[in-house]
Amino acid sequence: MTPAAEGATDGSVLDTDIPARLDRLSWGRFHTLVIAALGITWVLDGLEVTLAGAVSGALQASPRLALSDAQIGLSASAYLIGAVSGALYFGWLTDRWGRKRLFNITLLLYLVSTLASACAVDFWSFALLRALTGAGIGGEYAAINSAIQELIPARLRGRTDLLVNGSFWLGAAAGAGGAVWLLQPGLLPPDMGWRLAFGIGAVLGLIVLLLRQWVPESPRWLMTKGRIAEAEAILAEIEERCGQPAPAGLPRIRLRTRDRAIGFVELGRSLLRDHRRRVVLGLVLMVAQAFFYNAIFFTYPLVLGRFYQVPADRIGLYILPFAAGNFFGPMLLGRLFDTVGRKVMITLTYALSGGLLLLLAGLFAAGQVDAVGQTIGWSVIFFFASAAASSAYLTVSESFPLEIRALVIALFYALGTAVGGVAGPAVFGQLIGTGARLQVGGGYVFAAALMLIAAVVELRLGVAAERRPLEEIARPLAGID
């Protein structure tokens, strides 16, 4: 550490080994805590998305709400619009205020909003509260992805990121199971079961809020702000908790500190001039997986109800195996993203997802599958699609400079969700409302085509980021050669 580092001011030059010290650590209890406290974001998102789908029949049957198919789709889109807005706003704040402050603020917003969703009195109040819930989750994505990427050792970053993203489906399973229990005929009044279901997320959120008080600020973020003494103190505590004191002679980097925030001109220059190929890659991966996932998963309960006459109180049973396939995909394939490599595995998972969906779309349109067959097909397809979708977040979060990481994650999440996610549920809601298998099957073909295009783009533009330090994949804006 240079003499100026202790009290660094704007323009000071720092020489530090903080990134190397973080990356050389073996997995310890500290890393497990980080994953448990921060990775819960995806569990909560999975819970919210699944609850909204699993209780869709109850929302339609509710004496107070009585939502139509189209309104179910629109409320799902409202959740995603909120997620897009929250990601952009809170992502912008995350790069300015720090990771820790924002992942607490966004969790509070989620907790209050999901609890209030249980008190909705009509479609408009329900849609508004779902949008606010989405804003909390969207803001979480930027803050949490940044923190996890910056705290997990480089050689384990791929499998960890996929496992965390895959935990979305633990929440999905909890939401499906909770909905099955709460929506049992005769257990509760018709307008009460779905309201209590939304309280599940609020309870989990409160527990996690307490757990997060033990997660420190990112030393990498503090480093770029010139707060080296604070970063060193946090890192020393992490090393002590892992029982791995820092050795001498680790690689060092040089940075020039800056007090002012990154402006939009500098952001645009970094994205459009320095990292154009990565911008195209990230956008294509995010849009394809967002449409694929949101269009299909948000409306899957409607398909089960309209085409297979599955009762509303049984929808959750069909979602459970679907969630299992989605969880085990990233868990079992994640290690390969660090060993075989990013480009091969991302290309393969996107291509398999699209190809298998084309096959199932043909069978569905021809009426050759029943509810069980449809569920088995989805479980196999999303075994690969879940890993593919998780790898899109991994690609975006590790491919750009540290100083703009949270905002870039938010920007790509917002663009991908706005283009692929918000339109998907609304469009599929309309297609399902027609009752025509051929039209719904055509929507599946379009989603499959997007995944196959993304596979080709990854093959041409993919980044070999496996086992490499973040600062090597994308040099910090403040880096000095």
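A charge sits over a ring if NZ of Lys or CZ of Arg is within 6 Å of the ring centre and within 35 degrees of the ring normal. The exercises below concern a predicted model, in which local features need pLDDT of at least 70, side-chain atom pairs count only at pLDDT 80 or more, and totals for chains, interfaces and linings use all residues. Residues are numbered from 1 along each chain as its sequence is written, and side-chain values use heavy atoms, with hydrogens and water left out.

**Exercise 1.** State which ring the charged end of R437 sits over, and which aromatic cluster holds F364.

*Solution.* 
Step 1. The charged end of R437 sits over the ring of F364, 4.8 Å from the ring's centre.
Step 2. F364 forms one aromatic cluster with F168, W169, F292, Y293, F307, F322, W378, F382 and Y444.

**Exercise 2.** Classify the ring pair of Y141 and Y393.

*Solution.* 
Step 1. Rings of Phe, Tyr and Trp (its six-membered ring) pair if their centres lie within 6.5 Å; planes under 30 degrees apart count as stacked, over 60 as edge-to-face and the rest as tilted. By this rule there are 21 aromatic pairs.
Step 2. For Y141 and Y393 the ring centres are 5.6 Å apart and the planes are at 20°, so the pair is stacked.
Step 3. Y141 belongs to helix α7 (residues 123-151) and Y393 to helix α17 (residues 371-398), so the pair ties together parts that are 252 residues apart in sequence. Helices here are DSSP runs (H or I, at least four residues), numbered from the N terminus.

**Exercise 3.** Classify the ring pair of F292 and F382, and decide whether each residue is buried or exposed.

*Solution.* 
Step 1. The ring centres of F292 and F382 are 5.1 Å apart and their planes are at 45°, so the pair is tilted.
Step 2. Since F292 lies in helix α14 (residues 276-308) and F382 in helix α17, the pair ties together parts that are 90 residues apart in sequence.
Step 3. Buried means under 20% relative accessible area, exposed over 50%, and partly exposed in between (1.4 Å probe, protein chains only).
Step 4. F292 has a relative accessible area of 0% and is therefore buried; F382, at 0% relative accessibility, also counts as buried.

**Exercise 4.** Describe the surroundings of N165.

*Solution.* 
Step 1. N165 is placed in helix α8 (residues 157-166).
Step 2. Its relative accessibility is 6%, so N165 counts as buried.
Step 3. Apart from neighbours within four places in sequence, N165 is in contact (heavy atoms within 4.5 Å) with W42, S390 and Y393.

Key: Helices (H or I, at least four residues) and strands (E, at least two) are DSSP runs, numbered from the N terminus.
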